Amino acid sequence: MTDRGIVVVGAGIVGASLAYHLSGGGRPVTLIDAGLPASGATRASFAWIGRPAVSDLPSAPLRYLALEEYRRLEKELPELSIRWTGSITWDGFDGTGPRIDDVGALEPHLLDPPAAAVHHPEDAAFDPVVTTELLVAAARDRGVRVLTGVPATALDHRAGTVSGVRTTAGLLPAETVVLAAGTGTVALCSGIGVPLPVAPSPAVLVRLSAAPGLVRTIVATSSLEARQLDDGTVLMPVAYNGETDQAALLATAQRVRSRFAASFAGADDTKVLSAEIGWRPMPADEEPIIGRPAGTHGLYVAVMHSAITLAAAAGRLAGTEILTGAQAPELAGCRPDRFH
């Protein structure tokens with residue numbers, strides 16, 4: 001009997017990580033997406049990765065692995081570029097963690113540095129699109145078939161067993177279907193009678209063009225979040241305020257630009273590059289949903305907020321579960337069964 005293998009639906013950061021970690025496991029793997037890799041919520045992510053200092057969340061064992069798992073990926077993928085700059089937060093953004101008094105030493109261009117701030121020197125960030133594309137390329141090099149521009153329309157399902165994915169290009173048979181399609185996972189699950197309490201949570205990401213070196217770390221306050229890439233591009237997330245067209249997004253971006261220019265010396269010539277809305281998948285309890293839904297066979301879901309932070313760890317652990325059937329204890333608090 002021919003092994004129908006594994007089909008991963010969704011080539012955002014989570015799906016790309018799953019495909020990479022499933023590759024080389026002795027099973028045929030296909031990764032599909034309606035667009036290009038990282039063209040959904042991943043593209044509009046601030047991509048800040050960190051670890052909670054203290055947490056009693058069900059997902060804490062998974063979250064504690066986040067940074068070490070990215071260190072592992074750096075060794076496996078030398079092209080992976082992670083900026084281990086650390087983060088500084090104040091003004092009510094985050095009150096937990098070690099404190100520093102000389103914020104200006106870390107951020108010399110900050111115009112009005114606070115007297116003290118929380119400093120997490122281990123925090124990091126990366127380009128989410130480049131990283132996702134790198135994971136997909138590495139998976140392809142290890143034998144994964146990658147199909148882009150192929151939307152999944154339904155799950156092939158009978159008597160509780162999922163046996164493939166119906167797409168606009170035809171049926172893809174599978175022994176296991178892995179849904180990592182963000183908010184799109186909800187419709188695919190509901191089509192076979194599996195409710196998944198996930199709602200879209202919009203956020204706006206503004207990209208600015210500025211002189212390189214203005215922002216040295218990841219800076220976060222209740223009114224401003226910013227980090228800078230090596231080429232000078234500044235990324236600034238902001239709460240969604242009901243923007244429904246490009247004009248409204250541009251107006252939001254201009255307000256963000258003004259806030260940045262008023263916060264950093266040398267930022268007067270900063271210009272808006274883009275603004276876009278990321279529709280993040282937010283589970284009802286804001287905790288990841290990872291595992292096999294009760295009453296189904298051949299189906300595995302991986303939907304989460306903090307997808308960037310958790311992608312490396314979740315990809316490895318979930319990939320091992322799918323390939324071996326052995327459950328990872330770090331994922332025990334993330335199971336879909338908790339909603340039933």
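Q: What volume does the largest cavity have?
A: Here's the general idea: rolling a probe the size of a water molecule over the atoms shows where empty space is left. In this predicted model, the largest cavity has a volume of about 30 Å³. The search over the whole structure turns up one cavity of 30 Å³ or more.

Q: Which residues line the largest cavity?
A: You'll find R83, T85, A125, R216, T217, I218, R227 and Q228 around it. By type, that lining splits into two nonpolar, three polar and three charged residues.

Q: In what order do the three strands of the open sheet come?
A: Strands of a sheet pair through backbone hydrogen bonds, either parallel or antiparallel. Here the order is β3-β8-β4, and the pairing is antiparallel. At the edges stand β3 (48-49) and β4 (82-83); each has a single partner strand, so one side of each lacks a neighbour in the sheet. Take I82: its bridge partner in β8 is F126.

Q: How many disulfides are there?
A: A disulfide is a covalent bond between the sulfur atoms of two cysteines. With a cut-off of 2.5 Å between the sulfurs, the count here is zero.

Q: Is C189 buried or exposed?
A: Buried, with a relative accessible area of 0%. C334 counts as buried too, at 0% relative accessibility.

How values were computed:
Residues numbered from 1 in each chain as written. Predicted model: local features only at pLDDT ≥ 70, side-chain atom pairs only at ≥ 80, totals over all residues. Heavy atoms only, no water. Buried < 20%, exposed > 50% of the residue type's maximum accessible area, 1.4 Å probe, protein only. Pairing = 2+ DSSP bridges. Helix = DSSP H or I, 4+ residues; strand = E, 2+ residues; numbered from the N terminus. 1 Å grid on protein atoms, 1.4 Å probe; cavity = no way out; pocket = protein on both sides within 12 Å on 5 of 7 lines; lining within 4 Å. Points joined across faces, edges and corners; volume = space filled by probe spheres on them. Nonpolar A, V, L, I, M, F, W, Y, C, P; charged D, E, K, R; others polar.
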